[in-house]
Structures are given as structure tokens and as C-alpha cells.
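This report looks at how two protein chains meet. Read it with the structure in view.

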Amino acid sequence: MSIDEAILRQLQARIARGAGTHAPHGHQAAAPTSVVITPPRPRAASADPVSPFTTAWESLGGVVHHAQSAADAISIVAAICRSAGAEQTLSWREPDLGVPGIVDGLRRLGIESDYGWLPADRSERAARLAELERIKVGVTGASGAIGESGTVVLVSGPGRPRLASLLPPIHVTLLHVSRMHASLPDFLAAEPTIADGGSNLVLITGPSRTADIEMTLTRGVHGPGHVHAVLVHSA
Amino acid sequence: MSQPVTFHRRAAAAAADTTLQAKLQRATTRLTSSRQASFAVWPEGDAVRDHARAIRADVIAHLDRYLAQFAHALEQRGGYVHWAATGADAVSIVTRIATEHGVRRAVKSKSMVSEEIRLNDGLEAAGVTVVETDLGEWVVQLAHDHPSHIIAPIIHKSREDIAELFKSAAGASEDDVSDVAHMTAFARTRLRTEFIDADMGISGANFGVAETGSICLVTNEGNGRLTTTVPRIHVALMGIERIVPNIEDLGTMLRVLARSATGQPLSVYSNILSGPRRTTDDETLSEPDGPDELHVVLVDNGRSELLGGELAEILYCIRCGACLNACPVYQSIGGHAYGSVYPGPVGAVLTPALQGLGVFGELPQASSLCGACREVCPVRIDIPRMLLALRRRSVQEIGAPAWIRYGMRAYAAAATRPALFRFAVRASRAALGLLARRGWVTRLPGPLSGWTSTRDFPAFAKRTFQDQWRSGARQR
């Protein structure tokens, strides 16, 4: 069911009883039409969002890598896996990683990719999750990034599991520098239909963290405590 | 439940609790200074706040339209929309979804609305085990306690309190609780098994996007993402006022929310969900994970009554908690003293607005009207104005306390009889003169001692105004 017409009419009637009355703080709209709202833009958008992104991402505890080629990117990911003792990644499929040859490249180095399919059946799902839970590195491809806040943007979809950026303790995201924007409004203005791409659009700003116990900052509470952004500079 | 008279008792007890005071001071100072620092380096911050306010005002003024648009868009995406007129309706909707799917275990990410409607009690009664997964909320649940802050639920607990609790209620070892990092790791491991075993994820929603039918959950820990991804069914509870028109407006709200709440430019995870997992018969064209079903329960529970009235502005609130941290009353008494799910200045308006002045009539008095809440509010809600409106309403509905009624009547009797008034003034001045030392009275007798227990009272001037006036008139 959608919202009942009678409920909507009642809401409208309640809103209307405030219209036309004196509203000292302007909190009741006088006109029954939506006002046009223009969002403010950042004053001086940096021409180069890479350096603000690096500063922000690193200050949150993330690591930034630079790859000049696909081969570079593959060896960076492999090095992260090796130092974690990981022989498997929970990964997006190759076309969505934006690095040609990465799956084969990693396989030659002894690292297999799991694409994280979850069955709908209850017990199969739990068993599968327990298996995925043991993978230490997740690999994703970012749809964009935001310099001001140190944020990477991921969109779920076929071949793009949500869990790759969530379940393993280490998350590596591959990011083409051409997809960087200065601020969130700049990004959304450039990609207005970004939320249509998949059932989950997530903005990730640094490692998972909590300060619930005595305001003491701790990383990696539910999501990854270690986050790597591999900036890919090649075409 | 809370009685009107007990608010003062709880507040007095909290103010006298020196360990609580230290914890409150640490938390509110940290949160306030983080917020300030993040706005100081954000030149367009004030303009973005104005913009955020305009968005909220537009939404509340056209809520019927935006809600219809939201519901339609969400259904287009394959989600289910439910309308809950009351808290009890919302509980029975969620319970019914759980029962229909044979759900035995549910994981939950932080939701103030679920606290408001006491969802956990309802689900437990229906035989569903509910596990809170936000670290602070899990602690609250293990301790059978209540959150004391909107975004930092356990600021009233020390690390030692939590270590003891983990050992006694969650089977932690001495090693597991040796420091905060270990305690956090313990919670991660324990709650991972809960996520995997859960049939249903229950969350709140910070925002609903009308144009796309998306809901947005903001968390730092990531439990909000796990709750909405791992179990087969996701049920989100959302107050009907939490709508924004489109994704661009959502971006604006996310920016002011994160900075106001914790001083972060954005929270770690802004998780935007547009319908359930998208699948087709072809696995390679289907999303590999996510819930197969998504239900959004729109919770009214008194909110629509506020539309078009003098308290409608409280519906602009985005629950950042900045007004709690800034409030001198909250800083002194903490969240529990308010006796309501929503503490602090926002709670002092919202709780009586939603649940009436009967039980919560004292809350609008819990303010010095200093305006700090309005100053820090990301959408500039005029909380002091509404506190005054509620005080006025309280006098109209319930009447003023007896001592004020009789006191004002006695004053009126004296003030309208010149001879009596002059006598009363002289008598008071003489009495105060006896008590005063160097122009100040440090201790007043009887019921008046309440005033001097915390501050001095000035002695009256040597000559009354009337005397001065008369002699001045003679000089001219």
C-alpha cells in the first residue's frame, strides 16, 4: 500500500491551518508552492582536489597510494594483501575496478578473488557469510571522490558487492584521479543520477570508528579499520 | 514512569553527582570544541546552514506532497511503505513483518524512533531476540539502561563500568577488557556472529529522499551498513518529518549534520539505500548482496499534530545533538534527568510536544533561555521561542503552581493599595538591612534560602525610588 489519501488530506489540512497566520520566524510557508532554493557553492574550489583529498584521507588514518599504470595498481594491491597474509580478496569484478588485467595479475601472484555472492536461503546465507568473514582484504572501484572531506563514493550493482568495503578488516579502493571533485555539492552536481546506479550508494570517509567509550577514538569497530585509496593516474 | 515533581529531584541528584559531572564535562567539551573547530575552517558554513534551514522549512510546509512522492518512488524501487499513526501501530507493523517471515533474531542499528516507540519490548514479547549493534547502544542494552545522549549514548558510563559489564553480561575475559581498543575488538567479534545469525535488520533513517525514494543512514561504526546489508529483510523506521526533496539537498544536510554532531566534514558512512537488492534471473546481472526485502515504516506518533502550529519548527530537527552539548542545563544534569527519550533543549520541546504537558510539563522549564541551542542549531531552530510557547500553554492548560498563584495574588493586593505597598517596602528594606553585610545578603531565611544557597541577594537601596522621586521633584 502507498500512503492513504485520507492521511495525506489530513496532513494538508493541518499544514493549511498555519498558512496565512502570522509567522514571526518565517517557519511557515506563506505560499502553497515550493520555494526555489539555490545551494551555496564553495567559494574557491581548488583546481586540484588530489592534494586536499590526500590530506583529509591521511588525517583520518587512511593510506594513499599512487599508480601510474595498471601494473602499478596491481602490485600495490598485491603488496597490501601480502603484508596482511591474505591469499584471497572479497572483490568487485574487473570491469568495475577500472584496472585491466587485475584479476589475472593478482592470481599469478597467488591471490584469488571472491565476488561475494550471497544466496537468499537462510542457512546457505549464514554459511556463506561465515566463509566471507574470513577474507582479510576487500577490493572496490570508486565512482568518485571528494577532496574537501576525504571521501570515496561507491555504488553497488551486479559484480559490485556492498560487503567488499565492509566485511574485511582492510579495504582497498581503486580510484581514477579524473573522478575527483572538490566538494560533495560539486560531486552531486556532476553526477546527479548517481543514486540510480544501484540499491546502495555509500560515501565512505575514512576507516570505521567509534568514540563511544570515554570519547576515546578507536578504529575498525564494525567496518574496516584500515583503508587504502589507490589513485590511478593512467587513462 | 516520570512524575512532574521528580524532574527536579533527578536534576538535583545529577547535579550533585561529581563523577557524572566529570563525564558530562569531558563529553560536552570535546563535542562542542570539535564542532566549533570544524565550522571555523568552513567559510561557507553559515550560508550552508541557511540553505539547510530553507530545505527543512520547505519540506515541513509541503510534507504531504513530499511524503506521497517518497512513498511512490520507494515502491517503484520495489520497497514496501507502511504508515504508523501511533507508536503502538509501528510496533505491531514491525512485529507482523517479523512473524510473517519467521524471524527469530534481529540486529538493530541505532534508532531514536525505536526508543520512542519502545520497539524492543514489543519484539521481545513476540519472541524475537533483538540485538543492538551500535557499540554504545549494545552497552545500554546489556546494562538494561537508557541512552543519555542522542549521538553518544553512554557518556554517563566510564571505561571501568563497561569493562565490568562486558565481563558479567557478555562473557569477556580480563584480556578482552584490558583497554578501549580491546573492548572494541571484543564487541566487533561478538556482534559479527549476531549479524550472521540474524534474519532481519532494523534501522532508523536519518533522511528519506522524496525524488528517489531512498533512505539515508549515517554512522561512523559501520553497523548501520551491516544491519542493512547482511540480513535478508531490512525494516527501517523513519519519523514522517525526515524527508529531503532530492539527492543534492541530502548532500547539504549530510554536511551540516556531520559537522554539528561530531565536527567531522562528513561522517564515516553516509549510507544511501534505494530499494532492496536488485536481482534478475541472471546472476551476473544481479546484485550479489543486500536484503531481498526492504520495508520503510513511516512513524507519525504525534508529529502531524504539530504541522501548521507554533511548534512545527521542531520538526526541522535533524538530531545532531549539538544543542545538548551547548546547553548549560544539559551540561549540568545530563540526559537521564530529563526522563524522556529525547533529552536536552530539543527534548524539552519535542517530548512535551509529542506526548503532552501532563507528564513532561516541567521540561520546558529546564532552560535558562540563554539561546545557546539556537546559536549552534544547524537549521537554526528557535528553541527558546517554543520553550516559552510551551510554558505559556502549560499555565493555560494546567495552571501555574500554587505558590506562584497565591504569591501573585498577594503582590497584586499590595501593589494596588499605595499605603500597604509603602509599608511592605519599608518593612522588607528594614529586614534586609539587618541581614546585609556591605550591601549583600548571603543568607535569606526560610523558603527564601533557596535563592542564597547558590548566589547572594542585593540589599535594597538606602532610599526607595519613591523617596528619591519625591526629593528630585522638590529640587526642580
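## Charged and polar pairs

Six salt bridges are found by the rule across the interface of chain B and chain A. One of the salt bridges joins the side chains of B:Arg159 and A:Glu214, with 3.2 Å from N to O. The model is a predicted one.

Polar contacts also link the two chains: the rule finds 46 residue pairs in polar contact across the interface of chain B and chain A, where both residues have pLDDT 80 or more.

## The side of chain B

Helix α10 of chain B, residues 180-197, gives the largest share of the side of chain B that touches chain A, namely 10 residues. Sorted by class, that side of chain B holds 49 nonpolar, 35 charged and 27 polar residues.

## Extent of the interface

In terms of contact, 85 residues of chain A meet 111 residues of chain B. The size of an interface is often given as the accessible area lost when the parts come together. Between chain B and chain A, the buried area is about 8300 Å². Carbon and sulfur atoms give 56% of this area.

Of the area that chain B buries against chain A, 8% is supplied by B:Arg188, B:Arg225 and B:Pro288, more than by any other three residues.

Which strand of chain B is joined to strand β9 of chain A? The partner is strand β9 of chain B, residues 269-273. The strand from chain A covers residues 200-204, and the two run antiparallel, joined by five bridges. Within this pairing, A:Asn200 has B:Leu273 as its bridge partner in β9(B).

Methods. Residues are numbered from 1 along each chain as its sequence is written. Chains are lettered from A and ligands numbered from 1 in the order in which they are written. This is a predicted model: local features need pLDDT of at least 70, side-chain atom pairs count only at pLDDT 80 or more; totals for chains, interfaces and linings use all residues. Side-chain values use heavy atoms; hydrogens and water are left out. Contact means heavy atoms within 4.5 Å. Buried area is the accessible area (1.4 Å probe) that two parts lose on being put together, summed over both. A salt bridge is a side-chain nitrogen of Lys or Arg within 4 Å of a carboxyl oxygen of Asp or Glu. A polar contact is a pair of N or O atoms within 3.5 Å; within protein, one must be able to donate a hydrogen and the other to accept it, and residues adjacent in sequence count only if both atoms are side-chain atoms. Helices (H or I, at least four residues) and strands (E, at least two) are DSSP runs, numbered from the N terminus. Ala, Val, Leu, Ile, Met, Phe, Trp, Tyr, Cys and Pro count as nonpolar, Asp, Glu, Lys and Arg as charged, and the others, Gly among them, as polar. Two strands pair if DSSP finds at least two bridges between them.
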